[in-house]
Amino acid sequence: MNALPIIDISPLYNADEAGHLAVAEAIDRACREWGFFYIKGHPISAERIATLTDHAKRFFALPADEKLKIDITKSRHHRGYGAVATEQLDPSQPCDLKETFDMGFHMPADHPEVLAGKPLRGPNRHPLQIEGWTELMEGHYRDMQDLACTLLRAIALALGIERDFFDKRFVEPISVFRMIHYPPRQTATSADQQGAGAHTDYGCVTLLYQDQAGGLQVQNVKGEWIDAPPIEGTYVVNIGDMMARWSNDRYKSTPHRVISPLGVDRYSMPFFAEPHPDTEIACLPGCYDETNPPKYPSTTCSRYMLSRFAETYAYRRQGEAEPV
């Protein structure tokens, strides 16, 4: 019970249906038992990861006033730079010891949905100080969305729903690509301050690249915290709350946290796969019956995400954000 499964997803890129079924079955087991697993055999290259890591280190090394030119607290659509202690994932603990960069599906300022003021819709806010940043990040966002959709087709197969169920709902999604810098633990303001407090993710699935510093921990079914160490060439995948709602808790949204390592900086890059904001999140066919009725009321993607943001970000609770 103390080792997350590793699933080779390379069969999903071939035409053999038996291979697709085998991967779907492995994902189904992992989602039922853990809500967490590693994937290998994905198309994101080591060279791409190295380039992204270099850009992340360069960005987070900039002076604070340069990073705050794209301050996330001044954005209504939640894009840009989040300073240390901007987030509080565990309300019982101090604010998190991390700084972040968030981007999403780019919509220009004159897009009808942006002009209409729809939540979580707008242009990305990239730092202008680093040459090639925008092209790299926008291309990687598209590649990660493709990878997420490949996984979601396997999950649809596992759940017994239409293979393209999620594809239809992930057109112009609100998926988020995030870069995170965790300063060394000794920079914490108190002994209780963690890199990321215990939490579950908000969306459907999360795909996480983590560097070799370690620190990610996952809660097993006994409530024990176990390490999810970095494994070269893999992504850590976990189920988020929206998928738990869709599957009526057939798939677990598992608590996890980051304990900042001592003496070294930690860098990670999660991709949070989340559908179009108007998508209805309601119990899927086959995930309920008379003895197991739906546990959650129907909601929409944007309504659920905004409620969770309000719990996590002080600036969302206070309503101080100005449109940028």
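Which residue forms a salt bridge with R48, and how far apart are the closest N and O atoms? The partner is D143, and the closest N and O atoms are 2.9 Å apart. A salt bridge here is a side-chain nitrogen of Lys or Arg within 4 Å of a carboxyl oxygen of Asp or Glu. D143 lies in helix α5 (residues 133-159) and R48 in helix α2 (residues 46-60), so the pair ties together parts that are 95 residues apart in sequence.

Before going on, a word about what you're looking at. This is a predicted model, where local features need pLDDT of at least 70 and side-chain atom pairs count only at pLDDT 80 or more, while totals for chains, interfaces and linings use all residues. Residues are numbered from 1 along each chain as its sequence is written, and side-chain values use heavy atoms, with hydrogens and water left out. Helices (H or I, at least four residues) and strands (E, at least two) are DSSP runs, numbered from the N terminus.

**Salt bridges**

The structure holds 18 salt bridges. Here are three of them, including the pair from the opening.

| Pair | Closest N and O atoms |
|---|---|
| D143 and R48 | 2.9 Å |
| R121 and E113 | 2.8 Å |
| R153 and D167 | 2.9 Å |

How open are these residues? Buried means under 20% relative accessible area, exposed means over 50%, and partly exposed is in between (1.4 Å probe, protein chains only). D143 is partly exposed at 28%, and R48 is partly exposed at 24%. R121 and E113, on the other hand, are both buried.

Now for the pair R153 and D167, whose closest N and O atoms are 2.9 Å apart. R153 sits in helix α5 and D167 in helix α6 (residues 165-169), so this bridge ties together parts 14 residues apart in sequence. R153 has a relative accessible area of 32%, making it partly exposed, and D167 is partly exposed too, at 23%.

Two packed helices are described by the angle between their axes and the distance between the axes. For α1 and α5, the angle is about 80° and the axes are 8 Å apart. (Axes are lines fitted to C-alpha atoms, for helices over the stretch in contact, and angles run from 0 to 180 degrees between N-to-C directions.) The two helices are therefore roughly perpendicular, a label covering 65 to 115 degrees. On the α1 side, E17, H20, L21, A24, I27 and D28 meet L151, A154, I155, L157 and A158 of α5; contact means heavy atoms within 4.5 Å.

R29 is found in α1 as well, a helix spanning residues 17-33. R29 is partly exposed, at 47% relative accessible area.

**An enclosed strand**

Is strand β10 (residues 235-239) enclosed or open? Five of its five residues are buried, so β10 is largely enclosed by the rest of the structure. In a regular strand the side chains alternate between the two faces of the sheet. In β10, Y235, V237 and I239 lie on one side and V236 and N238 on the other, and all are buried.

Strand β2 (residues 36-40) runs antiparallel to β10 and is joined to it by four bridges, with I39 opposite Y235. Strand β7 (residues 205-210) is antiparallel to β10 too, again with four bridges, and here L208 stands opposite V236. Two strands pair if DSSP finds at least two bridges between them.

Technical notes. Angles under 35 degrees count as roughly parallel, over 145 as roughly antiparallel, 65 to 115 as roughly perpendicular and the rest as oblique.
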